[in-house]
Amino acid sequence: QFTEYTQANLVRYKSVEDDNPDAAHFSNNYLWWADFDYKLSEKHTISLKYSYEHTNYNSWGDIAYKKEDLLHRTSYITEQHTENRDNSQQHTLTFFYRGNTKTWNLYADAGINIYSDNTSYCMDESSLFFTTNQYHHKRNVYSASFDATKTFNQRSSLNFSTNGFYRHYSG
């Protein structure tokens with residue numbers, strides 16, 4: 001249901017259709033991944049994981065409005081057509097290490113996540129007003145962590161741990 005509203009310049013928009021406007025939405029998501037584990041020895045293992053995600057989202061809509069200019073006391077019917085497209089991809093690669101010695105349990109990981117997004121928006125109002133916007137976003141995230149734990153007995157242990165992230169955005 002369309003809600004009536006008034007802008008600051010005293011122009012009122014109201015839907016002239018009783019039903020919802022004509023609209024369509026399409027979305028496709030794909031996710032693939034692969035894991036690999038390799039046992040270096042009885043107590044040490046390395047792993048590698050790669051994942052890929054792809055998303056497509058498309059939508060469009062048509063609606064007719066009655067536009068009333070309250071200041072100049074005029075009104076007319078206007079039609080609006082909108083289109084949105086979003087195409088994104090994400091790659092993630094992570095390396096893991098797990099192991100233990102006689103006195104220490106060890107864990108480490110390092111990863112990279114690369115995300116890119118292409119978005120476009122178009123609007124045409126009664127062929128009088130046309131606007132289009134396109135955005136290209138990129139994000140890279142690098143991460144690493146390390147954890148070492150030494151257990152003395154059932155009541156006490158010592159833990160060293162660190163992690164870090166670096167993010168880079170563009171677009």
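**Confidence and overall make-up**

The model is predicted, and the protein chain averages a pLDDT of 84, with 86% of the residues scoring at least 70. Confidence is lowest in strand E1 (residues 5-6), where the mean is 44, and highest in strand E8 (residues 157-170), where the mean reaches 95. Over residues 1-12 the pLDDT stays under 50, although the model has 25 contacts beyond four places in sequence for these residues. Where pLDDT is low, the predicted coordinates should not be read in detail.

The secondary structure of the protein chain consists of eight strands and zero helices, so that from the N terminus on the elements run β-β-β-β-β-β-β-β. Of the 171 residues in the protein chain, 21% are buried, and the accessible surface comes to about 12600 Å², with carbon and sulfur atoms accounting for 52% of that surface. Among contacts between residues at least 6 apart in sequence, 58% join residues at least 24 apart.

**Pairing of strands E6, E7 and E8**

Strand E6 (residues 104-125) and strand E7 (residues 129-151) run antiparallel and are joined by 22 bridges, while E7 and E8 pair, also in the antiparallel sense, over 14 bridges.

A second residue of strand E7 is Ala144, whose C-alpha atom is separated by 6.4 Å from that of Gly111, a residue 33 places away along the chain. Leaving aside neighbours within four places in sequence, Ala144 is in contact with Asp109, Ala110, Thr162, Asn163 and Gly164.

Tyr38 lies in strand E3.

Ser51, in strand E4, is in contact with Trp32, Trp33, Gln90, His91 and Thr92 when neighbours within four places in sequence are left aside. In a regular strand the side chains alternate between the two faces of the sheet. In strand E5 is found Ile77, and the C-alpha atoms of Ile77 and Tyr65, which are 12 residues apart along the chain, are separated by 5.6 Å.

**Accessibility of the selected residues**

| Residue | Relative accessibility | Class |
|---|---|---|
| Ser51 | 17% | buried |
| Ala144 | 39% | partly exposed |
| Tyr38 | 45% | partly exposed |
| Ile77 | 51% | exposed |

Ser51 counts as buried because its relative accessible area of 17% is under the 20% cut-off. Ile77 counts as exposed because its value of 51% is over the 50% cut-off. Tyr38, at 45%, and Ala144, at 39%, therefore fall in the class in between, which is called partly exposed.

Definitions and conventions:
Residues are numbered from 1 along each chain as its sequence is written. This is a predicted model: local features need pLDDT of at least 70, side-chain atom pairs count only at pLDDT 80 or more; totals for chains, interfaces and linings use all residues. Side-chain values use heavy atoms; hydrogens and water are left out. pLDDT is the predictor's confidence in each residue, from 0 to 100. Helices (H or I, at least four residues) and strands (E, at least two) are DSSP runs, numbered from the N terminus. Contact means heavy atoms within 4.5 Å. Buried means under 20% relative accessible area, exposed over 50%, partly exposed in between (1.4 Å probe, protein chains only). Two strands pair if DSSP finds at least two bridges between them. Accessible areas come from the Shrake-Rupley method with a 1.4 Å probe; for residues, only the protein chains shown count as cover.
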